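Subject: Structure for your files, with notes

Dear colleague,

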Amino acid sequence: MSTRCAAALNAALAEALERWDETLLLGEDLADPYGGAFRITRGLSTRFPDRVLSSPISEAALFGVSAGLALRGRRPVLEIMFGDFITLGLDQVINHIAKFREMYDEQVRVPLVVRTPMGGRRGYGPTHSQCLEKLLVGIPGLTVVAGSEYHDLHRLLLAAIASDDPVFFIENKLLYSRFQQRGRDGRLGPFLWEEGDSTYPTVQLRAADRCSVSVVTWGGMAHLARQAAEQLAIEHETMIEVLILSRLAPVDLTPLLASVRRTGALVVAEEGTLTGGVGAEIVARVQHEAFSSLRGPARRVAARDAVIPAARHLEDAVLPQVEDITDACLAAAAGTEH
Amino acid sequence: MDWRERVAAEGSRGDRTGHFEREFYRGIYLIRRLEETLLELFAAGRLSGTTHTCLGQEANAVAVAFHLTDADVVVSNHRCHGHYLARTGDLEGLLAEIRGLERGLCSGKGGSQHLCAPNFYTNGIQGGIVPLATGMALAEKQRGSGAIVTVFIGDGTLGQGVVYESFNIAALWAAPLLVVVEANGWAQSTPTPRAMAGSMRQRLEAFGLPCGMVEGTDALEIHRAAGAAVGQVRETGRPAGLIIRTQRLGPHSKGDDSRSPEELETLRERDPLPRLAASLDPEQRRAIEAECERRLAAALTATEGPL
Ligand SMILES: Cc1ncc(C[n+]2csc(CCOP(=O)(O)OP(=O)(O)O)c2C)c(N)n1
C-alpha cells in the first residue's frame with residue numbers, strides 16, 4: 001500500500017506522542033480541526049489535547065520556549081508554519097539551542113526537533129517559497145535533515161524526535177501530497193536502488209551499472225533529479241547516478257565520494273539560491289577528497305540569486321528546472337569546460 | 001553550607017537575634033568582594049575576556065535566592081556572578097570558570113556570562129533567555145515538580161521583543177515563572193529614559209503578570225518583596241514580575257563607565273551594603289568579613305592557573 005508523505009509524517013508524530021510521554025507538539029494553528037497549515041498535525045490535538053499546543057504568532061519565543069522545555073526533560077517538536085519564518089528564531093537557534101551542549105560542557109542536552117516546510121513551485125511568492133537550509137548547515141551543534149519521498153519519512157522523523165540533540169527537519173512543501181517511493185530488492189522503477197543503513201541514509205538511484213555522472217541532491221529536488229535521470233537515459237543515452245541526501249549537516253559524503261570515483265563527474269542540484277549554497281560546500285569537499293577522479297569541473301544547479309516571484313512563469317524562471325539538471329549532466333558527462 | 005542553611009541552623013540553636021541580617025550581610029559581602037577582586041584582576045592584566053560585575057546589586061540576588069528551594073531553577077544574564085553565588089555559594093567553581101580553568105563550571109568554555117550548574121543557566125544574549133525560562137517553567141509544571149523558574153533581566157533588556165512574546169505565552173499557558181527586573185537605570189551607556197517609553201510596570205501587567213515593585217534600597221525590604229513575589233508564583237502556578245529599582249556602582253563591564261562622579265556618588269548613597277553593615281554588631285560584622293576574605297583568598301589560591 002502506498003503512503004503519502006504527509007500521512008507518513010503525521011503517523012510519525014502520532015507514534016512519538018504515543019511512545020514518549022515527554023513529546024509535545026508546538027506551533028501556530030496546529031490544533032484540530034485545522035491541524036496545521038499543511039495539515040500535518042491533523043487529528044493529533046484531539047488524541048493528545050494536552051500535548052499539542054496551538055501557539056500565538058511568536059516564532060522567536062517559540063524557539064526559545066521549546067528549547068527551555070527540551071532543557072528540562074521534555075521532547076518538543078516545534079512546527080514553523082513556513083520555512084521562511086525561521087529567520088525570526090535564528091537567535092535562539094544560533095546563540096542558544098545549538099550552543100548549549102558544548103558551551104555548558106556537556107551538562108545539558110537539547111532534544112528539540114524543528115519541523116518546517118520549505119520550497120517553491122506553488123506560487124506563494126517571495127516570502128513563502130524559499131529554501132533556506134544554507135542558513136542552517138554552517139551552525140555547529142545543529143543537525144539538519146531534509147527528507148524526500150525516497151526516504152522512509154516516518155522512520156526519519158521518529159529518529160529525529162528520538163535524538164537528544166537539536167534537529168532541524170526540513171520538509172519540501174511538494175512532498176506532502178506525493179507518495180513515498182521506496183525501493184525493493186535493489187530496484188525502484190527502472191533504477192538500481194540502494195539505501196545506506198545509517199539513521200539518516202543517502203538513497204542512490206542508478207540508471208545503469210555504469211554511469212557517467214553523479215548528481216547529488218536532497219528534498220524537493222530529488223523528484224526533478226529522477227525525472228532528469230529518466231530523460232537522460234531515454235533521450236541522450238546518458239546514464240547517471242542520483243544520490244539523495246537526508247542529512248545535510250553534519251553531512252556524510254562517503255556514498256557520494258564512492259559514486260564520483262565511479263563516474264568521474266559531479267553535479268550538485270539544490271533549490272536554494274546559488275551563492276553561498278550548500279552545494280558550494282559539497283563541491284569543495286568532493287574536489288578535496290576526489291580531485292583526481294573528476295574528469296572536469298563540478299557543476300552546480302540552483303535557484304538564481306533573485307527573489308522568488310509569485311507569478312508562476314516568473315517563478316519558473318528563477319527556480320531550477322529539470323532541463324537545468326539535464327544540461328549540467330550532459331556538460332559534466334562530456335567533461336567540457338562549459 | 002549556603003547562607004539559607006546557616007540561617008536555619010543558627011535559628012535552630014536559639015540564637016536568633018540579628019542572625020538573619022548577619023547571614024544576609026554575609027551573602028552580599030562575599031559577592032561584593034568577589035566582584036571587586038575580579039575588576040582588580042582585570043586591571044592587573046591577570047584575567048582575559050570580559051566581565052560584568054553586579055556591584056551595588058548584590059542584595060537582589062541574595063534576597064531572591066533566600067526564597068527558592070533547591071528544585072527551583074534560576075536563569076540569568078551577563079551580570080550573573082551574584083545570582084550564581086547567592087544560589088550555590090560555589091566561589092571556586094565560578095572563579096575557575098572565569099579564569100578559564102578545566103575545573104570551571106563549564107571547563108572554561110562559557111566564561112563569565114555563560115554559566116551552567118544544576119538548575120542554573122545563564123547566557124549572554126539580552127532577552128534570549130526569557131523564552132527559555134518560560135519553556136523551563138512549563139516543563140516543571142508538566143512534570144509536576146512544584147519548582148518555579150526565576151529569570152533575572154535588566155531594564156535595558158525590556159527593549160527586546162521576544163521578552164513580550166514570552167510574557168504572553170507564560171501567561172496564556174500558566175508558566176510558574178518569576179521575572180525579576182533589576183532596574184539599575186542604565187543599559188551599558190544608555191540611560192533607561194532614552195530607551196524606554198511608557199511604564200515599566202505596565203509592560204508586565206499588560207500581559208497579566210502581577211508585578212511587585214521595590215523602590216527603596218533597604219536589603220530587608222528587597223527580601224520581603226522577593227518573598228512575596230516568589231510566594232505568588234508558587235501559590236498561583238502563574239507568572240509574576242518583580243521590579244527592583246537598583247543601582248550599578250561599577251562600570252558596565254570593566255572600565256566603561258560614562259556616568260559623572262556626582263551621579264556615582266548619589267548612587268553610592270543608595271547602596272544597601274553599608275546600611276546593613278551599620279545595623280550589625282561591629283564585632284560580628286568583622287568576623288563575617290574576615291571569613292569571607294578567607295574564603296575568597298582560598299578560592300583565589302586554589303584557582304591560580306595559567307592566565
Ligand atoms: C542581543 C544583545 N544586544 C546587545 C548586547 C550587548 N549588551 C550587553 S549588556 C547590555 C546592556 C544591558 O542592559 P540591561 O538589560 O539594563 O542590564 P544591565 O547591564 O544594566 O545589568 C548590552 C547592550 C547583548 N549582549 N545582547
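This is a predicted model: local features need pLDDT of at least 70, side-chain atom pairs count only at pLDDT 80 or more; totals for chains, interfaces and linings use all residues.

Residues are numbered from 1 along each chain as its sequence is written, chains are lettered from A and ligands numbered from 1 in the order in which they are written, and side-chain values use heavy atoms, with hydrogens and water left out.

Chain A is divided into domain 1 (5–175) and domain 2 (187–333), with bounds that come from an automatic or database domain assignment. The C-alpha centres of these two domains of chain A lie 26 Å apart, and 30 residues of domain 1 are in contact with 39 residues of domain 2, contact meaning heavy atoms within 4.5 Å.

Chain A has an open sheet of seven strands in the order E2-E1-E3-E4-E6-E5-E12, with mixed pairing; strands (E, at least two residues) and helices (H or I, at least four) are DSSP runs numbered from the N terminus, and two strands pair if DSSP finds at least two bridges between them. Strand E2 (52–54) and strand E12 (247–249) of chain A each have a single partner strand, so one side of each is left without a neighbour in the sheet. Neighbouring strands here are turned by 20° against each other on average, direction ignored. Within this sheet, strand E4 (residues 113–118) of chain A pairs with E6(A) in the parallel sense over six bridges, and A:Thr116 has A:Ile170 as its bridge partner in E6(A). Helix H6 (residues 153–162) of chain A packs on the sheet, and its direction makes about 155° with that of E6(A); axes are lines fitted to C-alpha atoms, for helices over the stretch in contact, and angles run from 0 to 180 degrees between N-to-C directions.

Another open sheet of chain A, again with mixed pairing, has seven strands in the order E7-E8-E9-E11-E10-E13-E14, and its edge strands are E7 (187–188) and E14 (299–303) of chain A. Strand E9 (residues 203–206) and strand E11 (residues 240–245) of chain A pair in the antiparallel sense over four bridges, A:Ile244 in E11(A) being the bridge partner of A:Val203. Helix H9 (residues 278–290) of chain A lies across E10, E11, E13 and E14 of chain A, running at about 160° to E13(A).

The structure holds seven cavities of 30 Å³ or more, a cavity being a set of points on a 1 Å grid over the protein atoms alone where a 1.4 Å probe fits but cannot get out, and lining residues having an atom within 4 Å of a point. The second largest cavity has a volume of about 90 Å³, a volume being the space filled by probe spheres set on the points, which are joined across faces, edges and corners. Of its 14 lining residues, the closest to its centre are A:Cys131, A:Glu133, A:Asn172, A:Gly219 and A:Gly220. The lining of the second largest cavity draws at least three residues from each of domain 1 and domain 2 of chain A, and its largest share, three residues, comes from E6(A).

Finally, two peptide bonds are cis: that from A:Asp32 to A:Pro33, with omega near 5°, and that from A:Ala249 to A:Pro250, with omega near -10°.

With best wishes

Notes:
On a 1 Å grid over the protein atoms alone, a cavity is a set of points where a 1.4 Å probe fits but cannot get out, and a pocket is an open set with protein on both sides within 12 Å along at least five of seven lines; lining residues have an atom within 4 Å of a point.
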